[in-house]
Amino acid sequence: MTTHQHGPRMDFFAHAPKFYKAMVALDAAAGAGLDPALKELVKIRASQLNHCAYCLDMHVRDARSQGEREERVYLLSAWEEAGTLYTEREQAALALTEAITVLTDGFVPDEVYERAAKHFEEGELAQVIALIITINSWNRIAVTTRKTPALG
């Protein structure tokens, strides 16, 4: 296991307020019209993959406040092994989240994209992709600037 050194923190958005405002608008646009539970599952899963404690804390709290069941939050990192705990639609979105977030082979595999396309009409699929891209951006900002959750 790799231990990460936490260097100097930066209040990134204080120094880039126009960018912050654009990110907030991007985030709102990306999530428009999507099921709130699905949005939080996608945000949590991407944040797990990106090791973003700040976003994980935020989106787990958001999911719980929206009534998400604890076992669905706990088992999200092993969603493929969780049987029917997640709907086929959610599973397709989670597979797409992983493929876009990690880009292991430099692209999203056709079967992952086609699986998602079976469960989301084209406009909705575009929103899911936008949501995944946006949470990855938030994760990268928080991880890079050493943003930590306010635990406790």
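Helices here are DSSP runs of H or I covering at least four residues, numbered from the N terminus. The model is a predicted one, so to speak of local features takes a pLDDT of at least 70, and side-chain atom pairs count only at pLDDT 80 or more, while totals for chains, interfaces and linings use all residues. Residues are numbered from 1 along each chain as its sequence is written, and side-chain values use heavy atoms, with hydrogens and water left out.

Thr101 turns up in helix 6 (residues 88-102). With a relative accessibility of 8%, Thr101 counts as buried (under 20% relative accessible area, 1.4 Å probe, protein chains only). Its side chain gets to the backbone oxygen of Thr97 at 2.7 Å. Setting aside residues up to four places away in sequence, Thr101 touches Ala46, Leu49, Asn50, Ile132, Asn136 and Arg140 (heavy atoms within 4.5 Å).

Over in helix 8 sits Glu124, also buried, at 19% relative accessibility. The Glu124 side chain makes a polar contact with the side chain of Arg89 at 2.6 Å (N or O atoms within 3.5 Å, one able to donate a hydrogen and the other to accept it; residues adjacent in sequence count only if both atoms are side-chain atoms). Beyond neighbours within four places in sequence, Glu124 is in contact with Leu34 and Arg89.

Technical notes
Helix = DSSP H or I, 4+ residues; strand = E, 2+ residues; numbered from the N terminus. Buried < 20%, exposed > 50% of the residue type's maximum accessible area, 1.4 Å probe, protein only.
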